[in-house]
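Please read them beside the structure.

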Amino acid sequence: MTTFTPETDAQVIDAVRWAVAEGQPLEIVGQGSKRGLGRPVQAAHTLDLSRLSGVVSYEPEELVLVVRPGTPMLEVEALLGSQGQCLAFEAPDYAPLWGGQAGEGTVGGLVAAGLSGPRRLKAGAARDHVLGVTAVSGRAELFRAGGKVVKNVTGYDLPKLLTGSHGTLGVMTEIVLKALPAPPLTRTLVLAGIDAAAGVKAMADAMGSPAEVASAAWVPAELPFTGIPPRTPSVLLRLEGVDVSVDARLAGLTRLLEGRAATAVLDNDESAALWEELRDATPFAQRPDLVVWRLSVTPGEGAAVLERVRQAIPGTVGWLDWAGGLVWLGIPPGDAQAGLVRGALSGNGHATLFRAPDPVRAAVPVFQPQPKPLADLSARVKAQFDPAGVLNPGRMGG
Amino acid sequence: MRMPEPDARVLASRAALLARLREAVPGGVIAEDSAMRPFETDGLTAYRQMPLVVVLPSDTQQVAAVCRIAREMGVKVVPRGAGTGLSGGALPLADGILLGLSKLNRILDIDYDNRAVTVQPGVTNLAISQAVASRGFYYAPDPSSQIACTIGGNVAENSGGVHCLKYGVTANNILGIEFVTIDGDILRLGGKHLDSEGYDLMGVLTGSEGLLGVVTEVTVRILQKPETARAVLVGFDSSEKAGDTVAAIIAAGIIPGGMEMMDKPAIHAAEDFLNAGYPLDVEALLIVELDGPAAEVDHLIAEVERIALANDAVSCRVSQSEEERLAFWAGRKAAFPAVGRISPDYMCMDGTIPRKALPIVLRRMQDFEKEYGLKIANVFHAGDGNLHPLILFDANQEGQLEAAEKVGAAILKLCVEVGGVLTGEHGVGIEKRDLMDDQFGEADLAQQMRLKCAFDPDHLLNPGKVFPQLHRCAELGKMVVHKGNLPFPDIPRF
């Protein structure tokens with residue numbers, strides 16, 4: 001049981017070389033705040049990147065931030081915020097969801113898990129904002145891919161491949177991120193008293209309008225959210241930008257959706273609090289008993305998928321984000337009910353078992369099983385990066 | 001240009017190959033020289049090569065059948081969309097099948113509620129926008145060849161366009177693809193949902209230049225058109241000041257819909273060509289377009305004007321009508337033909353640089369002009385640092401083509417030297433293949449090639465493109481393990 005805490009690229013290479021030579025797999029961690037995600041890793045040794053930390057360079061005018069993987073997210077966000085910029089995909093903080101403290105987590109963990117928040121709907125996902133990586137493969141070789149500029153098609157887009165690969169393809173030692181201006185102002189249009197099916201339709205109409213809606217969610221009566229009347233299923237539409245623009249779009253959107261439900265507007269501060277709760281799945285952080293699923297589906301199907309699971313598994317609560325395309329489900333403790341949850345997808349999209357006790361996640365495929373030819377291809381990709389299987393073995397299943 | 005040595009065994013078995021292809025793709029096999037001639041080159045017309053045979057399948061099953069035959073017989077396959085690519089990615093191989101996707105040209109599904117359109121790869125980029133225009137939607141990436149280029153080619157090249165700083169490139173605007181592997185397997189990635197599952201294979205397929213698979217269906221995201229768009233035309237007496245203005249606009253938190261820069265030779269060529277109304281007494285010209293709700297556009301236009309004047313702009317005009325806005329763009333969009341008019345030939349380069357390096361890069365380009373005796377005009381996607389130097393030459397003058405190639409290589413090496421990359425949107429293809437060593441180290445390229453090995457272990461898909469050297473997958477896969485020879489590594493630990 002050894003924990004390596006490298007401070008240089010060379011030390012990461014040494015650790016992986018040792019792991020390969022000795023046939024000893026490594027669990028790769030930053031601060032370990034996302035250990036609750038994925039299949040528990042079977043590795044006796046740990047490669048802890050928390051000391052491979054710090055900002056390498058930040059040039060706001062170039063929209064480019066270069067960081068070491070162990071840099072705490074709090075530090076990254078404070079730095080970007082000091083220049084009026086942000087990670088546009090809206091990094092979620094799920095540490096409390098998995099029983100940790102708010103604010104835990106590193107930028108390497110964020111990228112490795114490929115997680116995006118509510119603004120993903122308009123701004124794209126984490127993978128759309130990773131411009132370059134340097135990583136040590138499971139062959140103990142350091143490689144670079146991508147670049148330090150915002151537009152680049154030179155060579156394969158390995159930064160996208162490594163994003164969301166949960167540390168199974170390489171140990172990232174440097175990450176280049178695209179930084180974008182942070183919105184100066186946010187307001188939220190609330191449609192209070194609308195069921196999920198009508199809510200999805202309203203969100204589709206809003207997204208199809210020129211209002212440039214940044215995020216769109218539907219929340220049920222059963223869960224509390226800031227600014228939402230108690231026990232009232234509601235649609236939430238977030239508008240961001242300069243005040244004249246937000247006001248004009250808000251007026252247009254209100255006209256478009258008039259008559260669907262009672263409307264109200266949340267100001268900047270209430271909006272910020274509300275979207276943070278949606279971003280971090282706070283209602284489920286407050287209900288540690290529930291087993292949590294996160295489903296990516298065709299947006300128009302969101303309400304139907306949610307309803308099918310509610311029918312199949314009594315006691316299920318959930319909300320919709322990404323205009324219906326992201327379904328959050330909390331089901332009563334016990335069995336993960338993977339068959340019923342994945343059955344509700346009707347072959348459209350995929351379901352991730354997002355929070356469950358370790359033994360459950362060891363027994364149930366956490367990530368959606370893939371058709372065989374695709375699973376085989378993914379296995380061949382893994383083997384090309386980590387032929388000895390020493391990097392986070394089992395994390396993504398297989 | 002050095003290409004892989006044609007395989008004599010394959011050339012000798014052409015008749016057997018043709019017979020199998022004709023059976024698999026009835027009416028879709030072209031084997032006569034005169035009929036194959038149009039396929040001998042793509043948008044990089046300096047290089048030509050007749051293929052072994054051209055196959056034009058009509059559906060995904062036929063694409064899969066062609067791939068299976070190719071794999072079984074060990075024949076190379078070069079996929080081709082509209083053939084508008086500028087880096088030679090669709091240059092045929094003498095011993096390879098040229099697999100044209102032009103017959104897969106149907107729009108399969110328009111889904112406004114989910115803001116998604118599913119098309120076959122041979123549908124043109126512009127046709128997608130046209131198909132959804134009646135409802136106010138469009139497909140955002142707009143490469144300048146959009147009237148002709150196809151979405152399959154856009155995916156293969158990860159195409160951009162003038163609006164991609166704000167709206168992203170192809171990779172950021174596709175939701176799903178179906179593709180055929182060299183084994184003939186038909187795989188689907190993504191769909192109408194936003195996040196793909198497992199490894200982001202769609203991410204690596206996009207921009208893989210036909211080396212990993214053949215795309216047979218694409219689901220793109222469509223957006224509602226911005227309510228208004230207005231442009232500002234700003235002149236400067238130095239490119240430094242223009243560059244400072246671009247940096248200041250971005251630092252002010254403004255991401256324009258488009259932000260283009262032209263240098264003096266490009267301004268003059270464009271103005272001579274179609275009287276766009278550009279000022280001729282400036283060293284650099286910026287076109288900044290703001291789009292969105294009218295109230296926002298008015299606000300941002302005023303901000304951009306203020307920033308430009310604070311950075312010593314010598315002229316500043318705001319478009320007062322849609323007509324005037326389009327006139328501002330007309331000169332920029334005609335920059336290539338305009339340059340084509342003042343020079344018998346030109347070569348278009350495509351590097352990206354950190355914007356702050358622009359003054360150095362432009363100065364060094366002036367040195368190259370003197371050194372090689374050739375003129376260079378520059379158009380620049382200023383917002384994202386994507387530089388398009390146009391090298392003017394006359395192929396009929398002895399030595400000028402070679403000199404232009406040398407200048408081009410020198411410029412791209414310079415882009416890498418200042419922290420940029422070889423290609424921002426045109427792809428590596430054959431054009432920049434032999435410069436890959438300048439941007440990437442051996443281990444970097446080896447890992448990229450290993451990814452290729454996972455998809456195509458025999459290097460049958462578009463070999464000779466992108467990578468300067470082809471290594472056998474078995475060789476790339478070797479790993480030296482120092483079992484027992486490694487001491488416990490000297491790394492801080494607990």
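This is a predicted model: local features need pLDDT of at least 70, side-chain atom pairs count only at pLDDT 80 or more; totals for chains, interfaces and linings use all residues.

1. Residues are numbered from 1 along each chain as its sequence is written, chains are lettered from A in the order in which they are written, and side-chain values use heavy atoms, with hydrogens and water left out.

2. In chain A, residues 1-182 carry the UniProt annotation "domain: FAD-binding PCMH-type", from an unreviewed entry; such annotations may be inferred rather than shown by experiment. The span is 22% helix and 25% strand, and its end C-alpha atoms lie 43 Å apart. Helices (H or I, at least four residues) and strands (E, at least two) are DSSP runs, numbered from the N terminus.

3. Chain B is assigned domain 1 (1-225), domain 2 (228-336) and domain 3 (343-427), with bounds from an automatic or database domain assignment. Between domain 1 and domain 3 of chain B, the C-alpha centres are 29 Å apart.

4. Contact (heavy atoms within 4.5 Å) joins 11 residues of domain 1 of chain B to seven residues of domain 3 of chain B. These two domains of chain B bury about 730 Å² between them, 52% of it on carbon and sulfur atoms; buried area is the accessible area (1.4 Å probe) that two parts lose on being put together, summed over both. On the domain 1 side of chain B, the residues touching domain 3 are five nonpolar, four polar and two charged, where Ala, Val, Leu, Ile, Met, Phe, Trp, Tyr, Cys and Pro count as nonpolar, Asp, Glu, Lys and Arg as charged, and the others, Gly among them, as polar.

5. Between the chains, 89 residues of chain A are in contact with 99 residues of chain B. Chain A and chain B bury about 7,900 Å² between them, 60% of it on carbon and sulfur atoms. On the chain A side, A:K151, A:V153 and A:Y156 lose the most area to chain B, together 12% of what that side buries.

6. How many salt bridges cross the interface of chain A and chain B? The rule (a side-chain nitrogen of Lys or Arg within 4 Å of a carboxyl oxygen of Asp or Glu) finds eight. A salt bridge joins the side chains of B:D200 and A:R127, at 2.8 Å, N to O. Helix α13 (residues 372-385) of chain A gives the most to the side touching chain B, with nine residues.
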